[in-house]
Amino acid sequence: SAEGVGAVVGSVLRELIESSFSRGFFTCLSRDGSVYDELKYIWLQGRQIWTYCRLYRTLQRFRRPEILAAAVAGTHSNLRVQLAARFLN
């Protein structure tokens, strides 16, 4: 059902924000939320940011400040990494 899917998406999103965003935007998380790879894969981060933005823009129940904050912080982090890789190497 649509309600069931919405509940799962909401649960996963909460977990991502708590486990990934709040600890440095890690993308390789185990089921219990622990980080199993500390490399920060830029494509995965981009996809995570896109997902936050898409949910925030298209579904009223996901228009919450913490989702927008995660998208903005992820974008800034992603840009810093890209700029450092481009200009410092």
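**Exercise 1.** Which residue forms a salt bridge with Glu66, and how far apart are the closest N and O atoms?

*Solution.* The model is predicted. Begin with the cut-off: a salt bridge requires a side-chain nitrogen of Lys or Arg within 4 Å of a carboxyl oxygen of Asp or Glu. The partner of Glu66 is Arg64, and the closest N and O atoms of this pair are 2.8 Å apart. Counting by this rule gives 1 salt bridge.

**Exercise 2.** Determine whether Arg64 and Glu66 are buried, partly exposed or exposed.

*Solution.* Buried means under 20% relative accessible area and exposed means over 50%, with partly exposed in between. Arg64 has 25% relative accessibility and therefore counts as partly exposed. Glu66 has 36% relative accessibility, so Glu66 also counts as partly exposed. For the protein chain as a whole, 26% of the 89 residues count as buried.

**Exercise 3.** Describe the secondary structure and the overall dimensions of the protein chain.

*Solution.* First, list the elements: the protein chain contains 3 helices and 2 strands. Then consider the extent: the C-alpha trace spans about 50 × 30 × 20 Å along its principal axes. Finally, take the contacts with a separation of 6 or more: 41% of them join residues 24 or more positions apart.

**Exercise 4.** Characterise the surface and the charges of the protein chain.

*Solution.* The accessible surface is about 6,300 Å², and carbon and sulfur atoms contribute 60% of that area. Turning to charge, the protein chain carries 12 positive and 7 negative side chains. The centres of these two sets lie 11 Å apart.

Methods
Residues are numbered from 1 along each chain as its sequence is written. This is a predicted model: local features need pLDDT of at least 70, side-chain atom pairs count only at pLDDT 80 or more; totals for chains, interfaces and linings use all residues. Side-chain values use heavy atoms; hydrogens and water are left out. Buried means under 20% relative accessible area, exposed over 50%, partly exposed in between (1.4 Å probe, protein chains only). Helices (H or I, at least four residues) and strands (E, at least two) are DSSP runs, numbered from the N terminus. Contact means heavy atoms within 4.5 Å. Accessible areas come from the Shrake-Rupley method with a 1.4 Å probe; for residues, only the protein chains shown count as cover. Lys and Arg count as positive and Asp and Glu as negative; His and the chain ends are not counted. The place of a charge is taken as NZ of Lys, CZ of Arg, CG of Asp or CD of Glu.
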